[in-house]
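The following paragraphs lead the reader through a structure step by step. Please keep the sequence and the model at hand while reading.

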Amino acid sequence: MDDRMSECFLGVIKNKNLSAERWATNHRNMLDAKIPAGTLDEKWTEYKGHCKLVNPANKRKLEVIVVGTGLAGASAAASLGELGYQVKAFCFQDSPRRAHSIAAQGGINAAKNYQNDGDSVFRLFYDTIKGGDYRAREANVHRLSEVSANIIDQCVAQGVPFAREYGGLLSNRSFGGTQVQRTFYAAGQTGQQLLIGAYQALERQIALGNVKMYSRHEMLEIVEIDGKARGIIARDLVTGKLERHFGHAILLCTGGYGNVFYLSTNAMGSNVTAAWKAHKKGAAFGNPCFTQIHPTCIPVSGDHQSKLTLMSESLRNDGRIWVPKAKGDNRKASDIPEEERDYYLERRYPAFGNLVPRDVASRAAKERCDEGYGVGTSKQAVYLDFGAAIIRYGKIEISKEGKDNASQEEIIALGKEVVKEKYGNLFDMYEKITGENPYEVPMRIYPAVHYTMGGLWVDYELQTSVPGLYALGEANFSDHGANRLGASALMQGLADGYFVIPYTLGNSLADEIYAKAIETSHPAFEEAKKEVAGRIQKLMGIKGKQSVESFHKRLGKIMWEKCGMARNAKGLQEAITEIQALKKEFWSDVRIPGEIEEMNPELDKANRVADFIELGELMCIDALNRNESCGGHFREEYQTPDGEALRDDANYMYVAAWEYAGESKWNLHKETLNYEVIKPTQRNYK
Amino acid sequence: MEHYNMNLNLKVWRQKNCKSKGEFKLYRVENISSEMSFLEMFDVLNEQLIHDGEDPITFDHDCREGICGACSMYINGKPHGPWQANTTCQLHMRAFNDGDTVVVEPWRADAFPVIKDLMVDRSAFDRIIQAGGYISVNTGNAVDGNAIPIPKDDADASFAAAMCIGCGACVAACKNSSAMLFLSAKVSHLALLPQGAPERKSRVMNMVAQMDKEGFGSCTNTGACEATCPKEISITNIARLNKEYLGAGFTSDK
């Protein structure tokens, strides 16, 4: 018995309730990450060479449920449909094309080394592990890096119109935390273009009858039969009716849970419900407190705000971040002379400058604002300035035209054209939201919740601790450690869906070829449906005074203040108490108008917020348990003298996988991270 | 930017479901900040309705940053409201003045039945894509991404068409409820790329047939679609679509 397992047993013994016992019987060995043997660069090849296969005739007999149709879900559903599985795909949006992957702006990384600037599979792997502050699994990240190049090829073949150079070849740009140009992009709409590629592949499979699509459906329960996930209960959001669906395997591709903070860059509908139901059915939740706060978002402007908007990290290629050198300087940006500006990222991190990783950039912005150097009316903002870039590009254009004595105005005008071509849509969006023209005045930006590295714990095969239940993309915890690098989310979603799950799913479905589809009249389906119906009735029956939205806002405030960019033990303990009280209040005073059996967005939202409240508590527990700072998790008690995150590798080099053990109770299981190739060091971007 | 607060009268279409008859209802919202987005103003109204024990207004929305294509309000006689090249979620209240009356309706088209209030069913668009809006390449079949150089101008033109967010404003703006701009954007996106060439003829034929089957109207070149498109998809795409369609009709073997 290794360390990992002893922790696992200890956890179970501590808690004697039914759920824990069931978990212990069903999922005893489930924290086995199943990492294949061999050297790191051979593992995936070895795995593919030896994993079990399902022959085409048998694939047709096997049913797979895919929940969520973002990059991970759409690519998985399309690829599995192509292979011949019978796929059912679900999304809560009116069309699979609207999943929130669509909002990703900047780009997708791939180790193509088209720029001849020293990139390689190893370099991408190394950057991702280091960027994640040594809290990700080496084998998974190496595989991600290996398949990254195939993703670009696949997308090009589908007709994704990536940006190109005049020679007709693909263009690249840089992103934070790297020193090579490996990011492929389609203006500021890369996520949209990749998702449309995957969506088109999915629609093709729908047309061929290999995939059946259920849009405006929300998964509300996992059905478990004989220790395996065998189906779901979904609610048709138009009619409000509950449906039962069988699957030999279930894939959750349901994205992240940043909306637990109420204000985030996530879409309004993004939620944790499917993942949370899986968690309550025995799937361990990995590193729930690892949240990414993105440094460049448009600042909050008032109490009414419903969501935050990201300004792509790609802007940090050309924009320079600064605040005034004097505290409380109220002059307009243009009135502050160069020598009175503090380009604090360039000052603190000369090697990476404005392109430090997101967690580092976010904390640095918070530090300046907390110290009183913030700008704008709220003073909770810093400048992102394109003035220098406009002049630099303008001069290049002038020199192309061979002019010797161009005026400053001419240079600026030409420079603006270049900046417009690169970032035009982002600049337009900024102007629409703020009413300010970023070609003339610097953008004001501030960090905002953007992505969650934590998620359902999965093994190397992307299987959760419930057999037959898989998690892909942002919904799982696996590849980004404690901080994700820019342009890696799109890469991971598509890697999981196009190139990983088609192999790993077959490996376990090969044993299912004799398993007949289970009728949905089976008592387990009956029971699960009853459970969901009861919960919905309970919610509707409360008939209290406060709206769902008001609870969500209050939860978000607790989370942002006490489990946000900086955390400490005292605040986290307070947050746990406050969340528990909020939960009680929610279940006794929420008001949901309308009926159950109709289109009722307030009811949909209530289902989601109820789960967010429970998740919020677990996030705080996880953050309190992790007595170190790493990546996006910054515990104020643990920092270096100059304010950098201070890791504790001796005690916390593990994945915290939490097992649900009844209301407000969780058991901690630890998956030790073994670094065989990379030697963890203090991250240094100086 | 000067901020100000305003009081507004709203005339909003309410309809319980696709079978019932709808009607306009009047609402008043107060102290709306010019910094709010249009949907945030609706959030305020809905909170008010929930507080008063009334049914809140149902509308589609998700990303609230102008890219998912979910939002679909017909505001003061224009899809997505008064701003050019804009979605409803990115419309901000500084577009309005104190005392204004704002009329809000759902997209109106036979092919987009109302689900509830301002929410409509746009699944017809998905079925048009199913008819051929893709390149038939299974996962794993691809050659190296740089094996097929594509002239930058072609790639840019293809991208400009691929920017379509599938919101349906073009249909809502068209007096014939034609889906030609949507369809032409997809046909152009794929026809402009060498990867799309093998299926070029069947794609356009099948997609047009599906569009007709869904009950969208014909195009009479009024250009209302282009004028309202939040992503400024050019009407020249319709010209390209017609060329592709005619060419396919004359030369297709089938």
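In this predicted model, A:Arg635 has a relative accessibility of 1% and therefore counts as buried, the limit for that class being under 20%. The side chain of A:Arg635 takes part in a salt bridge with A:Glu637, in which the closest N and O atoms lie 3.0 Å apart.

B:Lys152 is buried, with a relative accessible area of 11%, whereas A:Glu421 counts as exposed at 57% relative accessibility.

Another salt bridge is formed by the side chains of A:Lys562 and A:Glu574, 3.1 Å from N to O. Here the pair links distant parts of the chain, twelve residues apart, with A:Lys562 in helix 16 (residues 548-562) of chain A and A:Glu574 in helix 17 (residues 569-589) of chain A. With 17% relative accessibility, A:Lys562 counts as buried; A:Glu574 is partly exposed, with a relative accessible area of 29%. Some salt bridges are also connected to one another: a network of them links A:Asp133, A:Arg135, A:Asp359, A:Arg363, A:Arg626, A:Glu628, A:Arg647, A:Asp649 and A:Arg683.

What surrounds A:Leu251, if residues up to four places away in sequence are not counted? A:Leu251 touches A:Val64, A:Ile65, A:Val66, A:Val67, A:Ala76, A:Leu80, A:Tyr470, A:Leu472, A:Ile501 and A:Leu505. A:Ile250 lies in strand 9 (residues 249-252) of chain A. A:Ile250 has a relative accessibility of 0%, so it counts as buried. Its contacts, leaving aside neighbours within four places in sequence, are A:Ile65, A:Ile222, A:Ala229, A:Arg230, A:Gly231, A:Ile232, A:Gly468, A:Leu469 and A:Tyr470. Among these contacts is A:Ile232, which is 18 residues from A:Ile250 in sequence and 8.2 Å from it in space, C-alpha to C-alpha.

Chain B may next be considered as a whole. Its secondary structure comprises eight helices and seven strands, and its C-alpha trace spans about 65 × 45 × 35 Å along the principal axes. Of the 254 residues in chain B, 59% are buried. Among contacts in chain B with a separation of 6 or more, 70% are between residues 24 or more positions apart. The chain exposes about 10,100 Å², and carbon and sulfur atoms supply 49% of that area.

Within chain B, helix 1 (residues 38-51) has 14 residues and reaches 20 Å from its first C-alpha to its last, close to the 20 Å expected at 1.5 Å a residue. Why is this helix described as largely enclosed by the rest of the structure? The reason is that ten of the 14 residues of helix 1 of chain B are buried. The buried residues are B:Phe38, B:Leu39, B:Glu40, B:Met41, B:Phe42, B:Asp43, B:Leu45, B:Asn46, B:Leu49 and B:Ile50. Just after the helix, B:Gly53 adopts a positive phi of about 80°.

A:Phe122, A:Tyr126 and A:Val677 make a nonpolar surface patch of about 250 Å². A:Val677 is placed in the segment after strand 21 (666-672) of chain A. With a relative accessible area of 41%, A:Val677 is partly exposed.

Key:
Residues are numbered from 1 along each chain as its sequence is written. Chains are lettered from A and ligands numbered from 1 in the order in which they are written. Side-chain values use heavy atoms; hydrogens and water are left out. Patches are made of residues with over 30% relative accessible area and no salt bridge: like charges are joined within 9 Å, nonpolar side chains (Val, Leu, Ile, Met, Phe, Trp, Tyr) within 5 Å. Accessible areas come from the Shrake-Rupley method with a 1.4 Å probe; for residues, only the protein chains shown count as cover. A salt bridge is a side-chain nitrogen of Lys or Arg within 4 Å of a carboxyl oxygen of Asp or Glu. Helices (H or I, at least four residues) and strands (E, at least two) are DSSP runs, numbered from the N terminus. Buried means under 20% relative accessible area, exposed over 50%, partly exposed in between (1.4 Å probe, protein chains only). The expected span of a helix is 1.5 Å times one less than its number of residues. Contact means heavy atoms within 4.5 Å.
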